[in-house]
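User: Can you walk me through this one? I'd like to start with what sits inside.
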Amino acid sequence: LALMWFYAGNGKGEKDMVILPYKDRLALFSKYLQQLVMESLGKEKDLDGKIVHQGIAVYGNKGSTDQHAYVQQLRDGVLNFFVTFIEVRKDRRGAAFEVEDGITSGDYLQGFLRGTRSALYESGRESITVSISEVNAFNVGALIALYERAVGFYGSLVHINAYHQPGVEAGKKAATKLLHLQNQVREKLSAGAGKIAEEIARSIDADPEDVFHVLQHLASNDPHVRITAGDEPVDDKFSLAE
């Protein structure tokens, strides 16, 4: 599986990974893979410290929905992706639901999967098909294990560390910094005519745009902070309620 990804994206993540599971119970699987693949493989540097900007963009929902959403573009639009179909052979437990006489909803899903796969192939679109017998704890666990191991192998193929997330950590640090800024900004507010964001930013040596958005957030959520609209947003004045 990792080699397929490498081949599809020339080892550089040049194509997005579109996940189409043809089973409603796997609707969240695409979101899980988005987090797993993009957090693990989206790296600026390789193991030697060279700038490589690796990663594979992942998106998808479920086949029964995406048939009527972005499959049109997948077949006829920009060729910047490869598709992974996830097939579940067993339709459901219990009596099948017939959509037409002798044709069940599961029959339709199978037809959509095979039909879409053929249509993409005819248009020169590459795809991978992963099949499981049914949706149960064992098979879902096997799918998770398969993709976790594929991510690790792909990381080795492109010479990156798939097991750390410096970008995520940077976001957390930036969020902490902004929360500290919010406290600083609030301390500068007082009752009266109010102050514009740029004035407050100068007093605490901060980015005026960051300060403006902090003030907007406070005015929208803190009942003690009020805003007096100016002719332009930059002229808005902020103060504490008297």
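Predicted model: local features only at pLDDT ≥ 70, side-chain atom pairs only at ≥ 80, totals over all residues.
User: How many residues has the largest nonpolar core, and which have the most contacts inside it?
Analyst: The largest nonpolar core has 28 residues. Those with the most contacts inside it are Trp5, Met17, Val37 and Leu41. A nonpolar core is a set of buried Ala, Val, Leu, Ile, Met, Phe, Trp, Tyr and Cys residues joined through side-chain atoms within 4.5 Å. Buried means under 20% relative accessible area, exposed means over 50%, and partly exposed is in between (1.4 Å probe, protein chains only).
User: Which elements give two or more residues to this core?
Analyst: They are α1 (2-8), β1, α2, β5, β8 and α6. Helices (H or I, at least four residues) and strands (E, at least two) are DSSP runs, numbered from the N terminus.
User: New topic. What is the strand order in the open sheet?
Analyst: The order is β4-β1-β5-β8, 4 strands with parallel pairing. Two strands pair if DSSP finds at least two bridges between them. The edge strands, β4 and β8 (127-132), each pair on one side only.
User: How many bridges join β1 and β5?
Analyst: Strand β1 (residues 16-21) and strand β5 (residues 81-88) pair over 6 bridges. Leu20 stands opposite Phe85 in β5.
User: Which strands does helix α2 touch?
Analyst: Helix α2 (residues 29-41) packs on the sheet and touches β1, β4 and β5. Its direction makes about 175 degrees with that of β4. Axes are lines fitted to C-alpha atoms, for helices over the stretch in contact, and angles run from 0 to 180 degrees between N-to-C directions.
User: Where does α6 lie?
Analyst: Helix α6 (residues 137-157) lies across β5 and β8, at about 145 degrees to β8. The buried residues of α6 include Asn139, Leu143 and Tyr147. The buried residues of α6 pack against α1, α2, β3 (51-54), β5 and β8.
User: Now rings. How many aromatic pairs are there?
Analyst: The structure holds 9 aromatic pairs. Rings of Phe, Tyr and Trp (its six-membered ring) pair if their centres lie within 6.5 Å; planes under 30 degrees apart count as stacked, over 60 as edge-to-face and the rest as tilted. Tyr59 and Tyr70 are edge-to-face, 5.4 Å centre to centre with 80 degrees between the planes.
User: Which parts does that pair tie together?
Analyst: Tyr59 lies in strand β4 (residues 58-60) and Tyr70 in the loop between α3 (63-66) and α4 (71-76), so the pair ties together parts 11 residues apart in sequence. Tyr59 is partly exposed at 26% relative accessible area, and Tyr70 is partly exposed at 23%.
User: Which residues do ring pairs link into a cluster?
Analyst: Trp5, Phe6, Phe29, Tyr32, Tyr147 and Tyr154.

Notes
Residues numbered from 1 in each chain as written. Heavy atoms only, no water. Contact = heavy atoms within 4.5 Å.
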